[in-house]
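Subject: Structure for you to look at

Dear colleague,

I am passing on the structure we talked about, together with some notes on what was found in it. Please keep it open beside this message as you read.

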Amino acid sequence: KIEFESDSSNLSTTTASSNTTVAKNGMKGAEITTYLLEKTRVIKHNSNERNFHIFYQFTRSLPLHPEFHSLFLPEDLPFILNPATNSTTNNGSFFNILKGEEFDLNDQHRFEKTLKAMKICGMSSDQILNIFTLLSSILNLGQIQFTSSSSNDKETIEYLKTNTEIEHRLQFISNTLLQTSYPDLYKIITEKPVTAGREKFLLKLSLSQSQSILDSFIIYLYSSLFSTLVSLINSNLSHNHNKTTPSTSNSITLDNYWIGLLDIYGFESFGEYSNDFEQFCINYANEKLQQNFNQIIFKYEQAEYQSESIPWQYISFTDNQPCIDLIEAKLGILSILDEECKFPKSSALTFVDKLKDVNKGNK
């Protein structure tokens, strides 16, 4: 959202040639709003895609920025600083969450531009360090894998007793990076508080349960970091930034004069890639945006032309309302999914069967 206002000091200026009043207009501020963040990408992405670009920029640029070396375990640094030594694992990347395709996008050059942009946005050196400390926390948490089999999904507490390497990394993450209590982090991933009536007790988690909690924690950290970045940027883009004196009584406020720029996700097929519910929600949001565009540009504009008898050639378009109805109608996909989640014996198979039954005649 980009806001504009008139410069009141120039409202009474007249030109010698035309004797007309001239008003100077200028941009007074901007604001970024996040509608949807593809958070699951931080722990899972398709083999032909990247994780978020900043991770590659950051890790590839570490040889040029020794000030960030303390954000990693000393024993990891030789592998991080020399990617060639990791050519047999994770496609050359030391970090688990970066495995898959790593396109040559000149990450080091882009990282320098990222750092410059952060400084232009008014971020201090301490704020920048804190941001990359959280990024390192996410990378290090991604190195922890609670592996288990269906026949041996033992308790995480017992597993950690024989895996000192994981415990060592957890201590580094909590004490050095997150600067929190290691026992608190340990409890989060090994135990779950349960209330039964008036009694409260701790339930020991299995390895698969701990892995789910760890993944959720990683997603939460990245989402919080993203929101913090947006907030920091907005504080410097705001038209009230560095404003030391109140507006004069004769100044003109045009807060309703603004331009909105919308950046949307792309549609993706579900047959070709291993996309999940989050991509489905993205596609649904895009369908709603497309419908809004159709209504404003095609339906309303053409109706206005017709009411004013303006000659024009009618533009035909594909109405995506049937697709939206399939998703959000009374017996749409979302409604049926919500219903199935309430049944104790429901499964993915019963959900699909019900969808097929309800949509027999749907093209």
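The notes below go from the whole chain to one helix, then to a pocket and to a few loop residues.

This is a predicted model, in which local features need pLDDT of at least 70 and side-chain atom pairs count only at pLDDT 80 or more, while totals for chains, interfaces and linings use all residues. Residues are numbered from 1 along each chain as its sequence is written, and side-chain values use heavy atoms, with hydrogens and water left out.

The chain has twelve helices and seven strands, which are DSSP runs numbered from the N terminus (H or I and at least four residues for helices, E and at least two for strands). Of its 363 residues, 33% are buried, where buried means under 20% relative accessible area, exposed means over 50%, and partly exposed lies in between (1.4 Å probe, protein chains only). Among the contacts with a separation of 6 or more, 61% are between residues 24 or more positions apart, a contact being heavy atoms within 4.5 Å.

Helix 1 (residues 53-60) is mostly covered, with six of its eight residues buried, namely Ile54, Phe55, Tyr56, Gln57, Phe58 and Thr59. The cover over these buried residues includes helix 2 (77-81), helix 3 (107-120), helix 4 and helix 8 (207-237). Helix 1 packs against helix 4 (residues 125-142) at an angle of about 100°, with the axes 11 Å apart; the axes are lines fitted to C-alpha atoms, for helices over the stretch in contact, and angles run from 0 to 180 degrees between N-to-C directions. The two helices are therefore roughly perpendicular to each other, a label given to angles of 65 to 115 degrees, whereas those under 35 count as roughly parallel, those over 145 as roughly antiparallel and the rest as oblique. Helix 1 makes this contact through Ile54, Phe55, Phe58 and Thr59, and helix 4 through Phe132, Leu135, Ser136, Ile138 and Leu139. By class, the contact residues are seven nonpolar, two polar and no charged (Ala, Val, Leu, Ile, Met, Phe, Trp, Tyr, Cys and Pro count as nonpolar, Asp, Glu, Lys and Arg as charged, and the others, Gly among them, as polar).

The largest pocket is lined by 45 residues, and of these Ile32, Thr33, Thr34, Phe226 and Asp263 lie nearest its centre. Helix 8 gives the most to the lining, with seven residues, and helix 1, helix 3, helix 4, helix 8 and helix 9 (277-307) each supply at least two. The lining divides into 29 nonpolar, eight polar and eight charged residues. A pocket here is an open set of points on a 1 Å grid over the protein atoms alone, where a 1.4 Å probe fits, with protein on both sides within 12 Å along at least five of seven lines, and lining residues have an atom within 4 Å of a point.

Some loop residues are also listed here. Ile315, in the loop between helix 9 and helix 10 (321-328), is partly exposed, with a relative accessible area of 44%. Leaving aside residues up to four places away in sequence, Ile315 touches Phe298 and Gln302. Ser309 lies in the loop between helix 9 and helix 10 and is exposed at 63% relative accessible area; its phi is positive, about 55°, although Ser309 is not a glycine. Gln179, in the loop between helix 6 (164-177) and helix 7 (182-190), has a positive phi near 50° and counts as exposed at 67% relative accessibility.

With best wishes
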